[in-house]
Amino acid sequence: MAKVYVFDHPLIQHKLTYIRDKNTGTKEFRELVNEVSMLMAFEITRDMPTEDIEIETPVCVAKAKVLSGKKIGVIPILRAGIGMVDGILKLIPAAKVGHIGLYRDPETLLPVEYYVKLPSDVEERDFIVVDPMLATGGSAVEAINSLKKRGAKHIKFMCLIAAPEGVEVVKEAHPDVDIFIAALDEKLNEKGYIIPGLGDAGDRLFGTK
């Protein structure tokens, strides 16, 4: 069964408070999302494999560790997921970035895939799917479906804020995908918004309404 990690790091929680604040402007909001994404990337990569190499320091020859060449792919769910990418790339600059676009069908209310662009070596990469919000879970499930249909084997999901309902939906649909969350909120309201949440992440990132 999928594991759920909720980060309680003081820096993440401090920055998340200002992300939630309705008085935080677009520029600061975007910067904070980047910063929290970078801090979360530090945690989500904790199990990356390493190998020993021999180097020469100014003093002597020494054995030291480097990453063992595991390929990483970062997949933002359009459009709000884009706001999390730069923070992750600051830590993992060699990661490739794909994109998955989804919209909600007005009649069925289910997510529909409209755009997918992935690295060519899907089967060889560990993917991190990112979206600031995990509300009903529909978009996350469909994005992970899109990756698996194209051969992805190792996937993690990362978000800033999640509702318990969305977490359960993703766990049930994809029990092999671990979920990484900065804050697990109280619930969804009748309109499907996370409470207390942070509003519409895409609008706040890009200054739209």
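**Exercise 1. The annotated domain**

Task: Find how far apart the end C-alpha atoms of residues 6-208 lie, and how much of the span is helix and strand.

Solution: 
- Step 1. The end C-alpha atoms of residues 6-208 lie 29 Å apart.
- Step 2. The span is 32% helix and 33% strand. Here helices (H or I, at least four residues) and strands (E, at least two) are DSSP runs, numbered from the N terminus.
- Step 3. The span comes from UniProt, where an unreviewed entry lists residues 6-208 for "domain: Phosphoribosyltransferase". UniProt positions are given in the numbering used here, feature names are shortened, and annotations may be inferred rather than shown by experiment.

A word on the model before we go on. This is a predicted model, in which local features need pLDDT of at least 70 and side-chain atom pairs count only at pLDDT 80 or more, while totals for chains, interfaces and linings use all residues. Residues are numbered from 1 along each chain as its sequence is written, and side-chain values use heavy atoms, with hydrogens and water left out.

**Exercise 2. Aromatic pairs**

Task: Work out how many aromatic pairs the whole structure has, and describe the pair of Phe7 and Phe180.

Solution: 
- Step 1. Searching the whole structure gives three aromatic pairs. Rings of Phe, Tyr and Trp (its six-membered ring) pair if their centres lie within 6.5 Å; planes under 30 degrees apart count as stacked, over 60 as edge-to-face and the rest as tilted.
- Step 2. Phe7 and Phe180 make a tilted pair, with 6.2 Å centre to centre and 40 degrees between the planes. This pair links distant parts of the chain, 173 residues apart: Phe7 is in the loop between strand S1 (4-6) and helix H1 (10-20), and Phe180 is in strand S11 (residues 178-184).
- Step 3. Now for accessibility, where buried means under 20% relative accessible area, exposed over 50%, and partly exposed in between (1.4 Å probe, protein chains only). Phe7 is buried at 10%, and Phe180 is buried at 6%.
- Step 4. Tyr103 and Tyr114 also form a tilted pair, 6.3 Å centre to centre with 40 degrees between the planes. Tyr103 belongs to strand S6 (residues 99-104) and Tyr114 to strand S7 (residues 111-117), 11 residues apart. Tyr103 is partly exposed at 42%, and Tyr114 is partly exposed at 48%.
- Step 5. Ring pairs also join Tyr5, Phe7 and Phe180 into a cluster.

**Exercise 3. A binding-site stretch**

Task: Say which elements hold Leu134 and Gly137, and whether each is buried or exposed.

Solution: 
- Step 1. The unreviewed UniProt entry lists residues for "binding site", among them Arg79, Leu134 and Gly137. Of the listed residues, the lining of the largest pocket includes Leu134 and Gly137. A pocket, on a 1 Å grid over the protein atoms alone, is an open set of points where a 1.4 Å probe fits, with protein on both sides within 12 Å along at least five of seven lines; lining residues have an atom within 4 Å of a point.
- Step 2. Leu134 lies in strand S9 (residues 133-134) and is buried at 2%. Beyond four places in sequence, its contacts (heavy atoms within 4.5 Å) include Cys159, Gly166, Val167 and Val170.
- Step 3. Gly137 sits in the loop between S9 and helix H4 (138-149) and is buried at 4%. Leaving aside neighbours within four places in sequence, Gly137 touches Gly166, Val169 and Val170.

**Exercise 4. One face of a helix**

Task: Find which residues of helix H5 are buried and what they pack against.

Solution: 
- Step 1. In H5 (residues 164-173), the buried residues are Gly166, Val167, Val170 and Lys171.
- Step 2. Seen down the axis of H5, they fall within an arc of 135 degrees, so they line one face of the helix. The arc is that of the directions from the helix axis to the C-beta atoms.
- Step 3. An α-helix has 3.6 residues a turn, so residues three or four places apart point the same way.
- Step 4. These buried residues pack against S1, S9, H4, strand S10 (154-162) and S11.
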